[in-house]
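Hi,

Here is the structure I promised to pass on.

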Amino acid sequence: MQTTSLTFLGLESSCDDTAAAVLRVFSDGTRHILASTVMGQNTLHADFGGVVPEIAARAHAERIDVCVQDALRDAELGLADIDAIGVTSGPGLIGGVLAGVMCAKGLAAGSGKPLIGVNHLAGHALTPRLTDGLEFPYLMLLVSGGHCQFLIVKDAETYSRIGGTIDDAPGEAFDKTARLLGLPQPGGPSVEQAALKGNDTRFKFPRPLLDRDGCDMSFSGLKTALLRTRDVLVAEHGGLFETDIADVSAGFQTAVADVLAEKSRRAIATYLELSPKDPVIAVAGGVAANKFIRSRLEQVAHDTGVRFTAPPLALCTDNAAMIANAAFELYQRGVRHDMTLSARPRWPLDTSRPAMLGSGKKGAKA
Amino acid sequence: MSHFSFDLALACLDDTAELAQRFSKVLKPGDVILLDGDIGMGKSFFARCLIQSSQDIPEDVPSPTFTIVQTYDTEIGEIWHTDLYRLSGADDIIELGLLDAFETSICLVEWPDRLETLVPQSALRLRFSPGPTEDARQVHVTWTQAAWTTRLEPFTHA
């Protein structure tokens, strides 16, 4: 009997969460997520105003076993039905990455199935292939708590980073804004909520690097400006009124949206130089869930004649379906790893580019 | 045990960057620099400048808030840039391998209060606070180990 599909097991444990997933790819190219389990760190820790990450390799190791079992059970498959095993082998916290890599090696050795190490960021960057069947090359804005970069995805192994943040990621800026304003964590939804009732013109926040060429961004100076505004308000009336919080949130959110929109416009211009057949920008990451920012980005795409897509949020946050998907892409290209696969805490997708300067030796004028 | 300290006034971001550059000249593996101060006081900015000025080809130095640890190979040795804000206790610090790194690398530690009793005796503390203008900062430098007194002469006799 001829095989009409390939089935991939994906493992992910490079960040706060631990996850496993089973993906089936049919011969006509359609991809189905048969199972996807995530054991989260979603217990909010009030004392720290955020998600407490799991540092211990042992905890990840225990969870990843359970995740794999659950994913296979949900998919109603056994290890024997899997064609290859993909695992995040970096970048990330070493304990978590190691736990995933060791587990995947054990499964590969035990089952005799091929092993494929996947870059966590490639997992995110290739997600639009899974969700929307995008053709290469496409433009990707990866914008989340820890990341913010524009990538031109040329194939599963070739990424051109045309810009990114030189300091904080926008998701982090949202979290820190919430911290400064006394709003609950995670900051993204609570700042967006507060901004709904706010006037975004009352406070003028900076648009760092907007006047500079290129697609690099900076969000750290915005945080400092917000801190100053808050302190002035507190000094004036001994605290923050609800309208103050709403107006600061709105001013901040609009500043972030302005920067992302303008830099997206430039990134699209660079991308269009490649004359893609069906130009498309994919926005992935938690920040794409912000309706205000998302509508601004959709507008930019519309104005520049580029299709806009954003994978569903569950596939934009850390998950293992994206790792199984990336493993499939690499498998197609003949990539196979063996028992020497190692965990790489640092692993930039595009190693051909120099650092995003503008900070450091000269000092950022953020 | 004696405590030593001095204060610096930084008028602008360039002053902070210059201070970081000068610091990179005196650091060596085994040094632990605690970067204290509220959010937005420029701890990461200082660390970024220090790391990039100790590299031949400066790398990106993203905020370590989400990743907790970022490591860099530099001319002066391996640098660990850590943000302990999201950690919940001493177990996490040990699990990260931070105590080993204290011995073998240059460690720049943001939110060092999370270290609790694990603060090395030899650590140098830089506390950043607001200055008279928007970009101005006050830096309060403290230490207990006498060796720093000699090593920091370029700064105290500026």
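Predicted model: local features only at pLDDT ≥ 70, side-chain atom pairs only at ≥ 80, totals over all residues.

Residues are numbered from 1 along each chain as its sequence is written, chains are lettered from A and ligands numbered from 1 in the order in which they are written, and side-chain values use heavy atoms, with hydrogens and water left out.

**Where the chains meet**

Chain B brings 37 residues to the contact and chain A brings 36 (contact means heavy atoms within 4.5 Å). About 3,200 Å² is buried between them, and carbon and sulfur atoms give 55% of that. Buried area here is the accessible area (1.4 Å probe) that two parts lose on being put together, summed over both. On the chain B side, B:Ile39, B:Phe66 and B:Arg86 supply 20% of the area buried against chain A, more than any other three residues. Two salt bridges turn up across this interface (a side-chain nitrogen of Lys or Arg within 4 Å of a carboxyl oxygen of Asp or Glu). B:Glu134 forms a salt bridge with A:Arg228, with 3.4 Å between the closest N and O atoms.

**A loop residue to look up**

A:Asp167 sits in the loop between strand S10 (158-164) and H4 of chain A. Helices (H or I, at least four residues) and strands (E, at least two) are DSSP runs, numbered from the N terminus. Why does A:Asp167 count as buried? Its relative accessibility is 4%, and buried means under 20% relative accessible area, exposed over 50%, partly exposed in between (1.4 Å probe, protein chains only). Leaving aside neighbours within four places in sequence, its contacts include A:Phe219 from chain A and B:Arg48, B:Pro62 and B:Ser63 from chain B.

**Helices**

In chain A, helix H4 (residues 170-181) packs on helix H5 (residues 187-196) at an angle of about 65°, with the axes 8 Å apart. Axes are lines fitted to C-alpha atoms, for helices over the stretch in contact, and angles run from 0 to 180 degrees between N-to-C directions. A:Phe174, A:Asp175, A:Thr177 and A:Ala178 of H4(A) meet A:Gly187, A:Gly188, A:Ser190 and A:Val191 of H5(A).

Over in chain B, helix H2 (residues 43-53) is mostly covered, with 11 of its 11 residues buried. Among the elements that its buried residues pack against are helix H1 (13-26) and strand S2 (32-36) of chain B.

**Salt bridges**

Over all chains, the whole structure has 24 salt bridges. In one of them, the side chains of A:Arg129 and A:Glu329 meet at 2.8 Å, N to O. A:Arg129 lies in helix H3 (residues 120-131) of chain A and A:Glu329 in helix H9 (residues 321-332) of chain A, so this pair ties together parts 200 residues apart in sequence.

In chain B, B:Asp36 and B:Arg127 pair at 3.3 Å, N to O. Since B:Asp36 is in strand S2 and B:Arg127 in strand S6 of chain B, the pair ties together parts 91 residues apart in sequence. B:Asp36 is buried, with a relative accessible area of 10%, whereas B:Arg127 is partly exposed at 41%.

Cheers
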